[in-house]
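Please open the model in a viewer and keep the selection panel at hand. The tour below moves from one selection to the next.

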Amino acid sequence: MRVEREKLVLIGNGMAGVGTIEQILKLGGAYDITIFGSEPHPNYNRIMLSYVLEGSKSIEDIILNDRQWYEDNHITLHTGTTVVRIDEESRQVIADNGLSVSYDKVIIATGSNSFILPVPGSTKEGVVGFRDIADCDAMLAAAQQYRTAAVIGGGLLGLEAAKGLVNLGMDVTVVHLLEDLMERQLDHTASSMLQAELKRQGVKFAMGKQTVELTGEERVNGLRFSDGTELQADFVVMAVGIKPNTQLAKDSGITVNRGIVVNDYLQTSMENVYSVGECTEHRGTCYGLVAPLFEQGMVLAKHLCGAATQPYEGSVVATKLKISGVDVFSAGEFTETAEHTVISAKDEWKRTYKKILLKDNMIVGAVLFGDVTESASLQKLVKQGAEMTDEIYSEVMGTGCCGGGGAKQGMSVEAMADEEIVCGCNGVTKKAIVDAVTENGFTTVDEIKACTGATRSCGGCKPVVEQILQFVLGDSFQESAKAGICSCTTLSRDEIVAEITAKGLKTTKEVMNVLDWKQPEGCSKCRPAVNYYLGMIYPDTHEDEKESRFVNERMSANIQKDGTFTVVPRMYGGVTTPEDLKRIADVSIKYDVKVVKVTGGQRLDLIGVKKEDVPKVWEELDMPSGYAYAKSLRTVKTCVGNQFCRFGTQDSMGVGAMLERKYERLDFPAKFKMAVNGCPRNCAESCTKDIGIVGNDGGWEVFIGGNGGIKPRIADAFCKVKTDEELVEVCSAVMQYYRETGNYLERTSEWVERMGLENIQRVIMDNAENRKELAARIDFALAQVSDPWKKMLDDDNTRSALFEKANL
Amino acid sequence: MESTKLKYTLGTLQHFLPQIGRVVTCGPVELAIFRTSDDQFYAVENRSPHPKGGPLAEGIVSGYYLYDPLYDWKIDLRTGEVQAPDKGIVATFPVTVDGDNVNVIL
């Protein structure tokens, strides 16, 4: 018999509503859930739109829950459907398309809309808010077509929009009513420093200007201000604030003030109807930031699941600006009055500013500019209303030395309640993180990220996650140093490469000694990385360090979990011969290979070769190594091409084999795959390869940065070339540029996103000389490589040390 | 029954490359022998304390620590102890070097 479950309807498919549903699911709430969303997309992370605009993330990247998630959780989802009324009498939720769904409980999470200034011209074409994907798309499109933009509103959102548009190449002026930017979060000093920094980054400002009209015909062409002055603009973004979206609640007869009025359990004036997020008003406050949404959602979820919960008593909000290179933070009170005691430090040379406000010796607010490393602990202290002590003072003002600071930071984390939200983007509590550490034995932020989702999005909570890790793990916590390549060093990849070149360092040992590694011989992360960088920098003289290679590369075969190995011979372009196949079969039988498998890249895996037999298998195969184990060119997948295929326009097999022969054996930052197709039918799946090549009637089209692995990514169109010679030159240049700038273990899919496609195109396509130099450098490096299987067969000492087992 | 300890000669110094493990089967036990960069020798049972098992000899050696080749657990070669957050211990055996010979006592 099927148990009748209560029907829960969520109106609004945004972060607040879906965050609440996630909590309900975690708590095992027994509801039949239906969700309505006005936008056509599944649930996405609105606060990440700035990154989409900035170009560092795509819209797909900011999807929080894809449609599969709804399906997996048996949630009925209606996207592109707006709910117009809740009928209390018949207990029905009614949508604009006539759909009605009956309910036992309703959550309204309709969020907010951009507030559009009620001035003449505000409905003209080219005027948008900055709230959703559609706005973001409009801004991206405008940047393609127009040059000048105005952003009205110098708050958080306006500044992020402005910086995004500057990055997209527009001439941007921020128009602000007051003399201070972000006046609701920053004091005058921090605000001036912020403005100066943004000016340096190319943003213009029109301060103290009240917009009275948007001019133009159909489309906007400028702004007129109250003082009679004008500003030309082809595109206008309104970021003057948000307006809780309360229409539905009003039309349903629910009490609405500025927002939908709720009590401490998020109940509205209508029975069984609740509300969370930006559409609500709690104790007179409407929140426009993300952390409160999750705090509200947590209380509501528990309430709906019948779990014990504290009432929601409001949130202390903290602000961080998501613009690269501009670090601003504020929490609690920031404008000083007579009743405040002020601690402040301003450094005009380093361009940093720090201010802490005390009331009766309690910490009630803080502002940071330029250096926000203390933001996490300050946010905590403000939230707790902690009493200022000598310890806290020396910690946050950085007077004492750094020793012991860690332990003190741990204290504020210790005081944090289990249910407190650490990651606002993904609604992860302190307890979830502590559990991940204690139950799963995780020790790094990355592991916590993979398990709980904390730090997955904006990354703002990373310092707190680190503090929790440190607190839980105690001495075994290894500081995940600032952007260092591993816990052995605080240096980044670029710094290490620069030091190697500048100081002429030659071995990993030298690098680690000179650059003051914490573990003198490094770890399993940095040793292989440094060995790669040395080989990349000195292709002719670096002596490869076997002891710094990961097992597969050291043994030139893939280790399996039982300690046997997989041997994969080369098959150039995926083509073999009956003779070779026969030999593979004979050797497989002789050495008792467990499984012969065709790989995804058109090769044959000989799986389960005993370690001591591996060199004999190589010898008897007498074929080149297929490098199935290496951070190097794996395979060039091909289709049949014009030799046989009736659609083929190019010789994909021939070109594939040629490319594979040319580039095999060279080390790359990560494994590297290619495909060559004879026609646009793309049978060899170029779209998921590091370099994908598609033939057409007149030549080749080159795609880069595709990946079918953990994080699938479709390759970007890079260029078109006419001849095979041009094709080789472009491939060489792309590969070498990746070799020289890629982080170790960074696939091209991540590399292209980090470097920017256009930048790579500029370096390689717009500069023929540079392209030729890159190609010459890879040719030089390629001249140094040799087949590792043959080499090992000739080196008795190493072969015996690596492969032979002695029996006593 | 009283157990008697036996000394086995594993090979000579040149059989062991610095920071690269070598497998030697000694009667019933398969050992992984490591030579650290300061020419100390360590012997551990060649079986990862990870629940899924697997060999240890192919790991990366750093100082007196071994990063196991399959699961990247960090193991102290001197004590056999797995470093936190992972837990476990691998059996260790004393190694002596006399002249050119490398010996283990089982």
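Which residue of β2(B) does N807(A) stand opposite? Select N807(A) and look across to chain B: the residue facing N807(A) is T25(B), in β2(B). As throughout this tour, the model being viewed is a predicted one.

β37(A) pairs with strand β2 of chain B, residues 22-26, and the pairing is parallel, over 2 bridges.

On the chain A side 38 residues are in contact, and they meet 36 residues of chain B. The area buried between chain A and chain B is about 2700 Å², with 51% of it on carbon and sulfur atoms.

Turn now to the charged pairs. Between chain A and chain B there are 2 salt bridges. One of them can be shown by selecting K611(A) and E58(B), whose side chains meet at 2.4 Å, N to O. Polar contacts may be displayed as well: 16 residue pairs across chain A and chain B make them, with both residues at pLDDT 80 or more.

Finally, colour the side of chain A that touches chain B by secondary structure element. At least two residues each are supplied by α17 (526-537), α18 (551-555), α27 (796-803) and β37 (806-807) of chain A. Of these, select α27(A), which gives the largest share, 5 residues.

Definitions and conventions:
Residues numbered from 1 in each chain as written. Chains lettered and ligands numbered in written order. Predicted model: local features only at pLDDT ≥ 70, side-chain atom pairs only at ≥ 80, totals over all residues. Heavy atoms only, no water. Contact = heavy atoms within 4.5 Å. Buried area = accessible area lost by both parts, 1.4 Å probe. Salt bridge = Lys/Arg side-chain N within 4 Å of Asp/Glu carboxyl O. Polar contact = N/O pair within 3.5 Å; in protein donor to acceptor, adjacent residues only side chain to side chain. Helix = DSSP H or I, 4+ residues; strand = E, 2+ residues; numbered from the N terminus. Pairing = 2+ DSSP bridges.
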